[in-house]
Amino acid sequence: DFNATPFSRIIRSFEAFSGLDRITSVPTWPARFSLPQLGIDQIFVSEGIRVLETPRIGANAGSDHFPLVTTIAIPLD
């Protein structure tokens, strides 16, 4: 959890060097307003992992930002 926007240097560097694909572009911060403005939470997946559900904002758990929720499938072989 980087708490960084998709266009931040740390996220761009992580994505470039890790080989993982970012599957999120959902605004999650701040949670105290009715409409979050910035996406500071990211979900990354590697090759072979299937995304079964589009990432979405989860229920407020008391943090200053909303969680992200998705469903993925991991191959067994």
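**Close-up views of a predicted model**

**View 1. The salt bridge between glutamate 15 and arginine 22.** The side chains of glutamate 15 and arginine 22 come together in a salt bridge, with an N to O distance of 3.9 Å, in what is a predicted model. Glutamate 15 has a relative accessibility of 26% and therefore counts as partly exposed, and arginine 22, at 25%, likewise counts as partly exposed.

**View 2. The salt bridge between arginine 56 and glutamate 53.** Here the closest N and O atoms of arginine 56 and glutamate 53 are 3.6 Å apart, and the two residues form a salt bridge. Arginine 56 is partly exposed, its relative accessible area being 41%, while glutamate 53 is partly exposed with a relative accessible area of 27%.

View 3. Isoleucine 72 belongs to strand 4, which comprises residues 68-73, and because its relative accessibility is 36%, isoleucine 72 counts as partly exposed. When neighbours within four places in sequence are left aside, the residues in contact with isoleucine 72 are Val45, Ile49, Arg50, Val51 and Leu52. Alanine 4 lies 68 residues away from isoleucine 72 along the chain, and the C-alpha atoms of these two residues are separated by 22 Å.

**View 4. A nonpolar patch on the surface.** Val51, Ile72 and Ile74 form this patch, and together they present about 250 Å² of accessible area.

Note on methods: Residues numbered from 1 in each chain as written. Predicted model: local features only at pLDDT ≥ 70, side-chain atom pairs only at ≥ 80, totals over all residues. Heavy atoms only, no water. Helix = DSSP H or I, 4+ residues; strand = E, 2+ residues; numbered from the N terminus. Buried < 20%, exposed > 50% of the residue type's maximum accessible area, 1.4 Å probe, protein only. Contact = heavy atoms within 4.5 Å. Patch = residues over 30% accessible without salt bridge, like charges linked within 9 Å, V, L, I, M, F, W, Y side chains within 5 Å. Areas by Shrake-Rupley, 256 points an atom, 1.4 Å probe, with all protein chains shown as cover. Salt bridge = Lys/Arg side-chain N within 4 Å of Asp/Glu carboxyl O.
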